[in-house]
Amino acid sequence: QVQLVESGGGLVQAGGSLRLSCAASGRTFSNNAMGWFRRTAGEDREFVAAISRGGDNTYYADSVKGRFTISRDNAKNTMYVEMNSLKPEDAAVYYCAGRMVSPFSDGYYESDRNYPYWGQGAQVTVSS
């Protein structure tokens, strides 16, 4: 099992940048495919980006493609999302998520139903 804690949220002006971190406890982080999701009030959780266990493969929602970059450092048990050119519509609570995969897996997962492990969320506010 992996426990996840997000950090790095805050207030930023439109057009600005922010980097979120997701720190994982335990020794199994490198066996997890990971993802970022976000939720605004009254809306369903939305996929943002995903990354394979080794970090070789990534996938992005169309709404963030070209502006957000997902990455991970397995030696530090940490995943990141670098968010650039932020827009007011990017404001949300951002969640990191993980799921155990085969040691031979290089896949990623878009649906939140694939992830059993979740962080508590980090608030991102974008002022216009």
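**View 1. Arginine over a tryptophan ring.** A charge sits over a ring if NZ of Lys or CZ of Arg is within 6 Å of the ring centre and within 35 degrees of the ring normal. In this predicted model, R45 lies over the face of W118, and the distance from the ring centre is 3.7 Å. W118 is also one of the members of a cluster that is linked by ring pairs.

**View 2. The aromatic cluster.** The structure holds seven aromatic pairs, and ring pairs join F37, F47, Y59, Y108, Y109, Y115 and W118 into a cluster.

**View 3. The stacked pair of Y59 and Y108.** The ring centres of Y59 and Y108 are 5.3 Å apart and their planes stand at 5°, so the pair is stacked, as planes under 30 degrees apart are counted. This pair links distant parts of the chain, with Y59 in strand β6 (residues 58–60) and Y108 in the loop between β9 (92–100) and β10 (117–118), 49 residues apart. Y59 has a relative accessible area of 31% and is partly exposed, while Y108, at 35% relative accessibility, likewise counts as partly exposed.

View 4. Y109 is partly exposed, its relative accessible area being 22%, whereas Y115 is buried, with a relative accessible area of 4%. The ring of Y109 also has the charged end of R99 over it, 4.4 Å from the ring centre.

Definitions and conventions
Residues are numbered from 1 along each chain as its sequence is written. This is a predicted model: local features need pLDDT of at least 70, side-chain atom pairs count only at pLDDT 80 or more; totals for chains, interfaces and linings use all residues. Side-chain values use heavy atoms; hydrogens and water are left out. Rings of Phe, Tyr and Trp (its six-membered ring) pair if their centres lie within 6.5 Å; planes under 30 degrees apart count as stacked, over 60 as edge-to-face and the rest as tilted. Helices (H or I, at least four residues) and strands (E, at least two) are DSSP runs, numbered from the N terminus. Buried means under 20% relative accessible area, exposed over 50%, partly exposed in between (1.4 Å probe, protein chains only).
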